[in-house]
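Trainee: I am new to this structure and would be grateful for a close look at a single part, the site of the second ligand. Please place that site in the context of the whole chain.

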Amino acid sequence: MDESTAPRTTARLPRTAMIGVGSMGGAILEGLRAPDVDIERPITVTTKSEASAAAFAGASDVTALSSERDSDANRRAVRGAEIVVLGVKPWMMRDVVREIAGDLEPGAVVVSVAAGVPNSAIEAELPAGVPVVRAMPNTPSTIGLGATGIAGGALATEEHIALVQRMFATVGEALIVREDQINAVAAVSGSGPAYLFLYAEEMTAAAERAGFDEDQARTLVKQTIVGAAQLWAHSDESPETLRRNVTSPKGTTEQAIIELQRGGWAELFDRALAANVRRSEEIERGE
Ligand SMILES: NC(=O)C1=CN([C@@H]2O[C@H](COP(=O)(O)OP(=O)(O)OC[C@H]3O[C@@H](n4cnc5c(N)ncnc54)[C@H](O)[C@@H]3O)[C@@H](O)[C@H]2O)C=CC1
Ligand SMILES: O=C(O)[C@@H]1CCC=N1
């Protein structure tokens, strides 16, 4: 953990509203619902469909309102909340911000997780003085193992940023970055789980082609990925050292690594990350 990451904290997080709890908002919500997270409960969330809101029926820690059923759901949800997390698609963000602008609690901090939506675009839709913070999380937040980059807007004080960092630190690692780094955070860790799952898909398919049935292939690949990730998590060694530990000189791994490196991973990753950042920039331009 470097200096820009916050330690897990015991201070209670204030009343929070979440507008949009799909893949990402839902992952953050699940992380925040963990029994060891000290947050004002219930957390108020809004969903578009009534069916999604109904999934929270009977939960004492979450109040869910559906915008389909109640056109005032988002406005009602943010009343009284000190943190308002916006988890809708980038192209819906401005409309949602306009919708809730008049109902925000004085002093509330607005947090957007949207790719390609600058703090300034959100600030422009809000009454003067409302602080905005961007966060770029990832889906492992659902099990408290997220990685989030956080950047404050023009009106966000150190305290606002620290509060948001504290919230995301309860669901994983939370780093403060410059806003001009958020697109790169999205490219590395925001989208990163998808790259690893693609690896899992391809490795499983290759294992099946090598003669294993589906179950065997999945077990071998999943346990290898989870085991290797845990080994790294529990080790002070670099990935390079951990790789070398597997790679006996003149052994079998060495041959596979040579083949893999022929694929030009350095350039491939540069291209993938650049394409990701480019897409954030396109979203920013409304494309
Ligand atoms: N999926 C991911 O891994 C990550 C997503 N993000 C960002 O998170 C945001 C959401 O993305 P996903 O969760 O993937 O999309 P999603 O489509 O799964 O979730 C969006 C949610 O917003 C809800 N919604 C739509 N209109 C609404 C309204 N008017 N009021 C209340 N709720 C409404 C939908 O019902 C849906 O559940 C995007 O801006 C994306 O850039 C950021 C980092 C990672
Ligand atoms: O694919 C997307 O646009 C979002 C942003 C980062 C991860 N998922």
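Mentor: Two domains divide the protein: domain 1 covers 16-180 and domain 2 covers 192-282. Taken over C-alpha atoms, the centres of domain 1 and domain 2 are separated by 33 Å. Please bear in mind that this is a predicted model. The average pLDDT of the protein is 95, and 97% of the residues reach at least 70. For the complex, the predictor reports an ipTM of 0.98 together with a pTM of 0.95.

We may now turn to the ligand itself. On its own, ligand 2 exposes 240 Å², of which the protein buries 44%.

The loop between α1 (23-32) and β2 (43-47) contains P42. R41 and P42 are joined by a cis peptide bond, with omega at about 5 degrees.

A further loop connects β6 (132-136) and β7 (146-152), and I143 lies there. I143 counts as exposed because its relative accessibility is 62%, and the cut-off for exposed is over 50%. Between I143 and V37 there are 106 residues along the chain, counted as their separation, while their C-alpha atoms are 12 Å apart.

K250 is not a glycine, yet its phi is positive, at about 65 degrees. With a relative accessibility of 81%, K250 is likewise classed as exposed, because the same cut-off of over 50% applies.

Technical notes:
Residues are numbered from 1 along each chain as its sequence is written. Chains are lettered from A and ligands numbered from 1 in the order in which they are written. This is a predicted model: local features need pLDDT of at least 70, side-chain atom pairs count only at pLDDT 80 or more; totals for chains, interfaces and linings use all residues. Side-chain values use heavy atoms; hydrogens and water are left out. Helices (H or I, at least four residues) and strands (E, at least two) are DSSP runs, numbered from the N terminus. Buried means under 20% relative accessible area, exposed over 50%, partly exposed in between (1.4 Å probe, protein chains only). Accessible areas come from the Shrake-Rupley method with a 1.4 Å probe; for residues, only the protein chains shown count as cover. Domain bounds come from an automatic or database domain assignment. pLDDT is the predictor's confidence in each residue, from 0 to 100.
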